[in-house]
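Let's take a walk through a protein model together. Have a look at the sequence and the 3D view, then read on.

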Amino acid sequence: MQNAQTLRLLDAHGQPLTPSASSGGYTAARAGRELASWSPALRSPDADLLPDLPMLQARTHDLARNYALVAGGMQVQLDNIIGGGLKLCAKPDYLALGVTPDWAEEWARNVEARFRLYADDLQCYCDVTRRQNLSGLIGLAYRSFLTTGEILAVAEWLPRHPARYATALRIVDPARLTNPYGLSDTDTLRGGVELDRHGAPSAYHIRSALPSDARFGADTCTWRRVPRETPWGRAQIIHLFEPERPGQTRGKAGIVAGLAKAKMLEKFQGISLEAAIVNAMYTAVIESEFNFGQAADAMGKEDANKFAQDVLGDMANFHAEAPVKLDGVKIPHLYPGERLVFTPANHPGPNFGEFEKSTLRHLAAAFGISYEQLARDYSETNYSGARAGMIEAWKFFSARRKQIAGLFATQIYTLWLEEAIDRGEVELPPGAPDFYTASTAWARCDWIGPGRGHIDPLKEGKATQLEMQMGTLTLEEACAERGLDWEETLVQISREQKRIRELGIGLNLAANFGVSAE
């Protein structure tokens, strides 16, 4: 019998390859015993995300509806990024436009005043559904970003009232952005987004209603194709998300990484609460020494079941006539052979608190906020720790406000500015480029949101004053950190100072800014 020859694979140097060997020098790529079962597939971002997107959106919506910690984490972001709304601070690029700084400053004040008429319209004509003003639309859009990772809005032209602007926004649930009639994803149509040969979005397919709306009689089997922009460049779709990899077509919520742990924590908390309630309800029980089978044999009874029923009936009659009470009104009398036993109401999980804190830290990391902000628990932190957490959270809030909420608001401002210029309400100087040639320069702006907040206002106020005296912090930046517009603040201080002088009160508020009261 011949011995079977062993086949071996050799590497480029003629050495045998082993299953645990790696062709490179990274330990994390080796298939050793610890990592043998970790072999994820390397796929494109759309191949990873699009098949799972509907389930991820549904599960995130479910936790946002039913789990207080997830809902609270989202509210923390909304309060710190959007708050009561974003305030426009127009800053046209006067160098690119070829105008003087003074002219640009006067133009910006006029534009801001007119934009407020549009944004704060009591009739809510900026909303297609006429339910919210611009602040409400931005808040709704950002809530959509928190639950789906995307903001989707359609810019409509609705001349519904001669005295109102025709530019109106419709916030759309990203779940309605799908391929028409369930078509499979292709190289030019993915997740409801049409792509051109460069991979840029050219059109969006929005379903009239989700399948669940069929119960209301809605048409759920038609799609509306909306081009990204008009032939002259006016945006018709605003679609914002944070791509994590090149070539990504759709977005996902930031909480997705902690979604599984959040659901497990919710279940664990519910089970622990139910167990504690059951323990508390049954802290006192009656134990009986009766063994019905042995008693039936000793008494010569052939039918043990019949005997047990007779005994239980007698016991029930006894307790009905002499009920056991624990309120001290009556001394308990038990049936012969019974005794009253008290059981401690122990918590089912002695390490529940530490487990909950550990899971909440994972969830807070997914939200981009601190554990203390998510849990509303500041009992174990000090000033330094709280301030460090606030600074890190402020960086996150500022970036999100600029990149997501501010970008969405700027898109709306650009649409309105185009209409305001076309109506002749906002004038452009002779010789300056028109709006379509330099729309980015004309629509350049900042957005002021909620203030940063302070842990020790005295210390932080002195630090702000010192930085302003050193020239490393401007009044505009200091006011913006407090959610204020610096020009409005100075105007208000001037009015207050004037009134103080009229009343003869010995206060000098303007001295705080180095301005003479005279």
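## Ground rules

This is a predicted model, where local features need pLDDT of at least 70, side-chain atom pairs count only at pLDDT 80 or more, and totals for chains, interfaces and linings use all residues. Residues are numbered from 1 along each chain as its sequence is written, and side-chain values use heavy atoms, leaving out hydrogens and water.

## The whole chain

The chain has 16 helices and 11 strands; these are DSSP runs, with helices being H or I of at least four residues and strands being E of at least two, numbered from the N terminus. Of its 518 residues, 34% are buried, where buried means under 20% relative accessible area, with a 1.4 Å probe and protein chains only.

Now for contacts, meaning heavy atoms within 4.5 Å. Take those between residues at least 6 apart in sequence: 64% of them join residues at least 24 apart.

## Helix H6

Helix H6 covers residues 134–148, and its end C-alpha atoms are 21 Å apart, which agrees with the 21 Å its 15 residues should span at 1.5 Å a residue. (The expected span is 1.5 Å times one less than the number of residues.) H6 is largely enclosed by the rest of the structure, because 12 of its 15 residues are buried. Among them are Leu137, Ile138, Tyr142 and Phe145.

What follows H6? Gly149 does, and its phi is positive, near 80°.

## The cores

A nonpolar core is a set of buried Ala, Val, Leu, Ile, Met, Phe, Trp, Tyr and Cys residues joined through side-chain atoms within 4.5 Å. The largest one here has 72 residues, and Tyr413, Trp416 and Leu417 have the most contacts inside it. Helix H12 (residues 383–422) gives the most to this core, with 14 residues. Apart from it lies another core of 10 residues, including Val172 and Ile237.

Leaving out residues up to four places away in sequence, Trp416 touches Val111, Arg114, Phe115, Tyr118, Tyr165, Thr167 and Val426.

## The cysteines

How many disulfides are there? The count comes to zero, taking a disulfide as a pair of cysteine sulfur atoms within 2.5 Å. For Cys89, the nearest cysteine sulfur is that of Cys445, 8.4 Å away. For Cys126, it is that of Cys124, 6.3 Å away. Cys89 is buried, with a relative accessible area of 9%, and Cys126 is buried too, at 2%.

Technical notes: Buried means under 20% relative accessible area, exposed over 50%, partly exposed in between (1.4 Å probe, protein chains only).
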